[in-house]
Amino acid sequence: MNRYQPAIQPTFYFIGVTTSKSSIMRVFPAWARHLGLKDAVLKGIDFPLHADPAAYREAVSFIKSDPLSLGALVTTHKIDLFNAARDLFDVIDPHALLMHETSCLSKRGGKLVCHAKDPISSGLAIDGFLPAGHFTETGAEVLSMGAGGSTIAITWHLMQEKRGDDLPSRIVVTNRSRPRLEELKRIHEAMGARVKVDYVLADRPELNDAAMASLKPGSMVINATGLGKDAPGSPITDAGLFPKRAIAWDLNYRGDLVFLDQARRQQARRGLQVEDGWTYFLHGWTQVIAEVFDIVIPTSGPAFDEISRIAIEAAKG
């Protein structure tokens, strides 16, 4: 039996791992009312991590051919889906082409468009909490644990020409397997990276502790592994020590959030700034919704705050 049934109203898909558990399932209907999207609905499509390429192709082919299926947000499977379905995309945006991933599928003029929106949404999130001139003033570094799509996007943003000299003095990326590190290195070389990057194989949390211990004060430490949401746990151990005055950023906002708890336990004595993934979640979704439904959604100010407030209220429901 075909897994996918033709949509009977404008339908937007969420391709992930445990989509039914995400608060977006309660948030999207409230946003749709607020944004005037009328009878638009959100449907989840779940795949296990690193699913069979044929499964990704089936989903993309269905969305491409079904008239009322307008597009999708892709999380967790961004790289695997891109590699499996690349030939099905009629248009691939420059970020997606560079990063070999898709976080958004939309349709324009009968063509299926593949986008990588993470460089934009991660940049909006970072610039919302990172003090202006932070790296220039502190000489701080960045450790991003996990070499998937989010780290690709974050490191791209932190190396942009428009940042001038407000760049990390070094970026360290750790990952449990080597192929993702090699792919990230390829991307950094292709974009002419302006920052020294160390690519570290860390197949156990103690190695992430060691990478964290090597950082300068004021550095940013990012959990980009999915641990705490897609799988239990944290990339560091309870013995891992954050740099003084570090910015600890967990890209997750739901789940058991062990990394966030570890950072909060050290917050007072190490002088940490602790951030969760809520604003990243908001920008990630609103950037894709704006693209799929061809509307403008504000990225800051009172109108964005209202979008956040609606989401918080709806998520409680």
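Is G233 buried, partly exposed or exposed? G233 counts as partly exposed because its relative accessible area is 21%, where buried means under 20% relative accessible area, exposed over 50%, and partly exposed in between (1.4 Å probe, protein chains only).

1. Basis of the note. The structure is a predicted model, in which local features need pLDDT of at least 70 and side-chain atom pairs count only at pLDDT 80 or more, while totals for chains, interfaces and linings use all residues. Residues are numbered from 1 along each chain as its sequence is written, and side-chain values use heavy atoms, with hydrogens and water left out.

2. The open sheet. A sheet of 6 strands runs in the order β9-β8-β7-β10-β11-β12, is open, and has parallel pairing. Helices (H or I, at least four residues) and strands (E, at least two) are DSSP runs numbered from the N terminus, and two strands pair if DSSP finds at least two bridges between them. The edges are held by β9 and β12 (273–275); each has a single partner strand, so one side of each is left without a neighbour in the sheet. On average, neighbouring strands of this sheet are turned by 15 degrees against each other, direction ignored.

3. Helices on the sheet. Helix α5 (residues 118–129) packs on the sheet and touches β10, β11 and β12, its direction making about 145 degrees with that of β11. Helix α9 (residues 205–213) also packs on the sheet, touching β7, β8, β9 and β10, and its direction makes about 165 degrees with that of β7. Contact here means heavy atoms within 4.5 Å; axes are lines fitted to C-alpha atoms, for helices over the stretch in contact, and angles run from 0 to 180 degrees between N-to-C directions.

4. Strand β8. Of the 5 residues of β8 (residues 171–175), 5 are buried, so the strand is largely enclosed by the rest of the structure. In a regular strand the side chains alternate between the two faces of the sheet. In β8 both faces are covered, with I171, V173 and N175 buried on one side and V172 and T174 buried on the other.

5. Partners of β8. Strand β7 (residues 142–145) pairs with β8 in the parallel sense over 4 bridges, and V142 stands opposite I171. From β7 the chain passes through helix α7 (residues 149–158) to β8 in a right-handed β-α-β crossover; right-handed means that, with the strands pointing away from the viewer, the path from the first strand over the helix to the second runs clockwise. Strand β9 (residues 197–201) pairs with β8 in the parallel sense over 5 bridges, with V173 opposite Y199. The chain crosses from β8 to β9 through helix α8 (residues 178–190), and this β-α-β crossover is right-handed.

6. Residue D198. D198 is placed in strand β9. Its side chain is joined to that of R170 by a polar contact of 2.8 Å, a polar contact being a pair of N or O atoms within 3.5 Å; within protein, one must be able to donate a hydrogen and the other to accept it, and residues adjacent in sequence count only if both atoms are side-chain atoms. Leaving aside neighbours within four places in sequence, D198 is in contact with R170, I171, V172 and V173.

7. Loop residues. G233 lies in the loop between β10 (220–223) and β11 (247–250). H100, in the loop between α4 (94–99) and β5 (104–108), counts as buried because its relative accessibility is 19%.
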